[in-house]
Amino acid sequence: MSDQSTEFTRLPETDEARDDPERATRQEVLGFWAERFGVPPETFEGYTFWERGAGKLWLYQGSPPSPVDIEGLGMTFLRTRQEHWKPTLEAVQRFGEHASQNVIHLDADAARAFVAGEDQELDWDGDWGYLVVTHDLAGEAEPVGVGLYVYGELRSQVPKGRRREV
């Protein structure tokens, strides 16, 4: 028997197909991205969702057999099995351009502070929680990461090893 912490298993499509009530389904993942960020479900056509460990979801373009016992599969995508699901930096940088809600756009100074990992007080009239953070790069708004907005403060969720002084 393989070690479940290194084994990737494909998410079940629907609630009826799942055997663990705590486990996310593809339908729920698509619903989360649509409801929270306005990303259309068809954005993820051709991708499969995989869980490794408890609630660590990965995204893969294609469909290998399930389960798969390997070190990595595609990219980290979403953390579930906690009160609030959290998209990864990689997921937001790859799919955040499709977001139409819960997107906060930062000017140059605020973006510098954000990628350096600094929390900052900002006015935001949208929902509290995880946001897609964007900044203008080459003349267009581009997703730079995940922020957590609570109590009038945008908290940078850029992982310590990915923070940069720019």
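Tutor: The largest nonpolar core has 25 residues, and those with the most contacts inside it are Val29, Trp33, Phe44, Phe49, Phe77 and Leu78. A nonpolar core here is a set of buried Ala, Val, Leu, Ile, Met, Phe, Trp, Tyr and Cys residues joined through side-chain atoms within 4.5 Å. Buried means under 20% relative accessible area, exposed over 50%, and partly exposed in between, with a 1.4 Å probe and protein chains only. This is a predicted model, where local features need pLDDT of at least 70 and side-chain atom pairs count only at pLDDT 80 or more, while totals for chains, interfaces and linings use all residues. Residues are numbered from 1 along each chain as its sequence is written, and side-chain values use heavy atoms, with hydrogens and water left out.

Student: Which elements give two or more residues to this core?
Tutor: Helices H1 (26-37) and H2 (89-95) do, along with strands S2 (47-51), S3 (56-61), S5 (75-79), S9 and S10 (140-150). H1 gives the most, with five residues. Helices (H or I, at least four residues) and strands (E, at least two) are DSSP runs, numbered from the N terminus.

Student: How many helices and strands are in the chain?
Tutor: Three helices and eleven strands. The radius of gyration, taken over C-alpha atoms, is 17 Å, close to the 15 Å that the globule rule (2.2 Å times the number of residues to the power 0.38) gives for 166 residues, so the chain is as compact as a globular protein of that length. Of the 166 residues, 46% count as buried.

Student: How many bridges join S8 to S11?
Tutor: Two, and S8 and S11 (residues 153-156) run antiparallel. Gln120 has Leu154 as its bridge partner in S11.

Student: And Thr134, where is that?
Tutor: In strand S9, residues 129-137. Thr134 counts as buried because its relative accessibility is 7%.

Student: Which side chain does the Thr134 side chain make a polar contact with?
Tutor: That of His105, at 2.8 Å. A polar contact is a pair of N or O atoms within 3.5 Å; within protein, one must be able to donate a hydrogen and the other to accept it, and residues adjacent in sequence count only if both atoms are side-chain atoms.

Definitions and conventions:
Two strands pair if DSSP finds at least two bridges between them.
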